[in-house]
Structure formats: C-alpha cells, structure tokens
Amino acid sequence: MRYQIVTLGCPKNTTDSDRIARTLERQGHRAVERRVDADLVILNTCGFIDDAREESRQAAEILAAERQPDQQVIVTGCWSQIEREQVIEIDGIDATFGIEAWQEIAEHAGAVEAERDIPETSIGVGPSAYLKISDGCARPCTFCNIPGIKGRQFRSAQPDALVSEARELVVRGAREIVLVAQDSTAYGAEWGDANGLARLIERLAAESGADWLRLMYAYPGFVTPSLVEVIANTPQVCHYLDIPLQHGSPTVLRRMKRPHNMSMVRGTLDRLRTAMPDIAIRTTFIVGFPGETESEFGELLDFAAEAEFDRAGAFVYSPQQGTPAADMTDQIAESTKQRRHEELMALLADVSARKNERQVGRRLSMLVESEPGQTTEDGDPIIAGRTYREAAEVDGLVFALGEANPGEFVDVEVLEAMGHDLWAEVID
Ligand code: SF4
C-alpha cells in the first residue's frame with residue numbers, strides 16, 4: 001500500500017508520525033510524495049489548544065473532500081483521542097485512532113509482503129531529527145490538557161531502546177538529534193533516577209554517532225547541577241536549553257501550579273550562564289491567565305527584560321476544557337489578552353534582536369538545511385541552516401553566502417543580525 005502521513009502539531013507528534021511510518025514500512029508499505037498517489041492518507045492531529053483542534057478539523061475536512069477514488073483517509077493523534085465523536089462525523093473519514101496507535105494503524109493497513117526483510121532505514125530523515133525520550137506528564141499545571149490526553153504519568157523509554165533509535169536516525173541521515181518529551185527533565189523519574197537525563201545524554205553522545213544533541217522542554221527546578229555539567233562539558237551537546245517558564249509573576253505561577261520561586265529560576269539561569277557563557281536559552285510565556293492583573297503582567301514584562309532570553313515565544317491563554325484554569329471565574333477579556341500579548345512580543349523581539357546583534361563577528365559551525373542551487377537576487381550562491389543557537393522549527397535561521405549540501409557542517413562568520421535571523425558568509 002502507498003501511504004502519506006500529514007503531521008500537525010509539535011515535534012512530539014513528528015516522532016509519532018515517524019513511528020507510524022516505520023511500522024508501516026516494516027510491513028512492506030511505502031511512502032509517496034504526492035497525496036494523489038497514496039492509497040492511505042494518515043492525518044496525525046494536534047489537540048493542545050482550541051486553534052490546534054480547529055486546524056486539525058479543517059485539515060481532516062480538506063483531506064476527506066479531496067480524497068481520490070479508492071483512497072482511504074484515517075485520523076489519529078491528540079485531537080482524535082479527545083474528540084473522536086467529532087472526527088467520525090466528518091464525511092469521508094474511514095477510521096479514527098487515538099494516540100500511540102502505530103500498531104493499530106499498521107493492522108488497519110494490513111501486512112504486505114510480510115516475509116521480506118525490509119530495513120528500517122528505508123525512510124530518510126532530514127539533517128535534524130527528534131527523539132522522544134518519554135511521554136505523558138504527571139505535572140499539575142492548571143492550564144494544560146496534555147496530561148488528560150497523553151496520560152498523567154511519565155513513561156520514559158529505556159536507555160538501550162533510545163540509543164538504538166538514535167543510531168538508526170543517524171544512519172538515516174540525521175546529524176542532529178533533538179531530545180523531546182512533555183518534560184524532558186522528568187526522564188527516569190518513574191524508576192527513581194534523579195540524574196536519568198544527564199546519564200542518557202552521556203550515553204547518546206558516546207554511542208549514537210550524532211554530531212549534535214539538543215535538549216528541549218526542561219522543567220524549571222529540575223535543571224540539576226549534573227545536567228548543567230553534562231550540557232557544558234559534552235562536546236556534542238549544543239549550548240542551548242529550552243525552559244518553558246510560562247510567567248514571571250510568582251502569584252500567577254502559583255495559580256498555574258507551576259514552580260513559583262523566582263529566586264530559584266534566576267539561580268538556574270545564572271548557573272547555566274556561568275557554566276556556559278555562550279549558552280542560548282529559550283523560553284515560552286502565557287499571557288492573560290485567569291486573574292492576571294496589570295501589576296502581575298508588569299512583573300512578567302520586567303522579568304522578561306531582565307532575564308534576556310535569546311529566544312522566547314508567547315501564547316495567549318485559552319481555556320482548555322477539563323482543566324482547572326478553565327473553571328476559574330476571573331477570565332481575562334480577549335482584547336486585554338491581545339494587548340498584553342502584543343506588548344510582550346514586542347519586548348521579546350527587541351531582546352532577541354539585541355542578542356542576535358552580539359553574534360556579529362562570531363565564527364560558528366552551521367548545519368546546512370537548504371537544498372543546493374539557491375541564490376541571492378544578484379545570483380550569488382546562498383545556503384540556510386542553523387548554528388547551536390537555533391533549534392529547528394521554533395527559532396530563526398542563518399543565511400550564508402556560499403555553497404554546501406543539506407546535512408553538511410560549514411563554518412560561517414556572522415555579518416549582520418536581521419531580527420530573528422542572521423546573515424553570514426561561509427569561511428574556509
Ligand atoms: S509540564 Fe508541560 S505538559 Fe506537563 S502539565 Fe505542565 S505544561 Fe502540560
């Protein structure tokens with residue numbers, strides 16, 4: 001059977017799509033580039049917030065409306081897990097599955113040429129690939145519906161399995177492996193290993209063959225000294241950390257049921273910057289959480305200005321059904337949320353641009369992602385990629401004069417900062 005997977009949502013969903021693809025490939029099914037050529041179209045959906053669910057619904061409707069004669073369209077993932085009855089109502093959807101349903105989807109597709117030994121390396125990956133180290137979440141954040149979708153317990157994958165999955169990603173073309181989870185710092189918590197993540201990173205560095213390892217989604221308060229040491233001293237680990245902090249006001253954080261000791265947060269940022277003066281730190285914030293006063297929002301602005309994150313995103317709070325925050329009575333007016341969002345985004349963009357300016361003149365190693373043959377308006381060859389300071393999909397890009405193929409590392413000198421992006425040239 002020829003199949004195509006359409007993936008929405010976060011990097012964790014990308015890893016699930018990859019798992020579905022590998023399970024199908026093992027059974028003899030083959031991916032196709034053009035949707036019209038597929039016998040089976042699989043939509044892997046996101047259900048994190050209202051907008052994501054709406055996007056998932058629209059994508060399902062489009063795929064169902066555009067289906068070819070004899071083509072099947074099936075829907076899986078978070079949205080399908082929580083609102084399956086709505087998916088079923090869409091005319092033209094053949095089947096629905098919840099999360100982690102790769103085996104059921106493979107059974108639905110049926111086995112093809114099951115006797116043949118088809119290597120798992122048949123599906124390529126890009127220069128950067130995600131490795132999901134655990135799933136589920138046992139944290140009590142009052143705004144988040146992920147534990148309700150993914151399960152309220154951490155489920156860490158065994159280190160041996162992750163090392164072999166990482167090796168396989170490298171064989172399939174990945175130079176960078178990005179570790180993802182709902183909370184990556186909880187890795188190994190179920191078996192009582194407080195340093196599970198640090199130990200896993202050391203093993204991946206020693207055994208996976210990846211040139212770069214990057215860590216996303218660290219939980220404040222769990223960035224342990226041994227984790228900082230491993231990030232600082234393991235050559236393959238990018239001096240980069242994503243710590244979603246969600247707010248800068250202790251009272252809002254308390255209502256969010258998030259770590260609210262701002263001295264601890266500041267201490268963590270200091271420790272990271274002392275151990276790695278060149279580290280790039282990314283975070284995300286939520287504005288307009290129920291009850292957020294002007295003064296609490298001011299605390300967030302002050303904190304964001306003071307902490308000088310290299311990269312930061314901000315989301316407007318939206319109530320999620322079944323979460324404690326959705327039932328809080330003091331919801332913020334939409335216009336106030338939007339105004340605060342714009343104000344915070346402007347501040348974050350300023351800080352990020354200033355930090356980018358400081359990169360001018362630096363020589364950095366860049367992982368090339370662009371296809372060959374791109375040129376500037378003047379006809380000069382140009383490539384695009386990322387240094388250790390940019391994570392795929394969420395941060396900016398580096399554009400450099402010069403030539404190289406995707407997946408190659410080149411040294412570049414930064415010539416100019418352009419907002420979130422950098423302009424550079426390849427150096428010999
Ligand atoms: S740690 Fe992240 S995934 Fe877990 S409940 Fe909090 S926001 Fe949601």
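A polar contact is a pair of N or O atoms within 3.5 Å, where, within protein, one atom must be able to donate a hydrogen and the other to accept it. In this predicted model, 7 residue pairs are in polar contact across the interface of domain 1 and domain 2. The points below describe that interface from both the domain layout and the residues involved.

**Domain layout**
- The chain is divided into three parts: domain 1 covers 2–109, domain 2 covers 126–357 and domain 3 covers 363–426.
- Between the C-alpha centres of domain 1 and domain 2 there is a distance of 27 Å.
- Domain 1 brings 17 residues to the contact, and domain 2 brings 21 residues.

**Buried area**
- Domain 1 and domain 2 bury about 1600 Å² between them, and carbon and sulfur atoms give 52% of this area.
- On the side of domain 1, the residues that lose the most area to domain 2 are Lys12, Arg22 and Phe48, which together account for 34% of what that side buries.

**Charged pairs**
- The interface of domain 1 and domain 2 holds 6 salt bridges.
- Arginine 22 and glutamate 168 join their side chains in a salt bridge, with 3.5 Å from N to O.

**The side of domain 1 that touches domain 2**
- Three helices, α1 (11–26), α2 (50–65) and α3 (78–82), each supply at least two residues to this side.
- Helix α1 gives the most, with 7 residues.
- By residue class, this side consists of 6 nonpolar, 4 polar and 7 charged residues.

How values were computed: Residues numbered from 1 in each chain as written. Predicted model: local features only at pLDDT ≥ 70, side-chain atom pairs only at ≥ 80, totals over all residues. Heavy atoms only, no water. Domains from an automatic or database assignment. Contact = heavy atoms within 4.5 Å. Buried area = accessible area lost by both parts, 1.4 Å probe. Salt bridge = Lys/Arg side-chain N within 4 Å of Asp/Glu carboxyl O. Polar contact = N/O pair within 3.5 Å; in protein donor to acceptor, adjacent residues only side chain to side chain. Helix = DSSP H or I, 4+ residues; strand = E, 2+ residues; numbered from the N terminus. Nonpolar A, V, L, I, M, F, W, Y, C, P; charged D, E, K, R; others polar.
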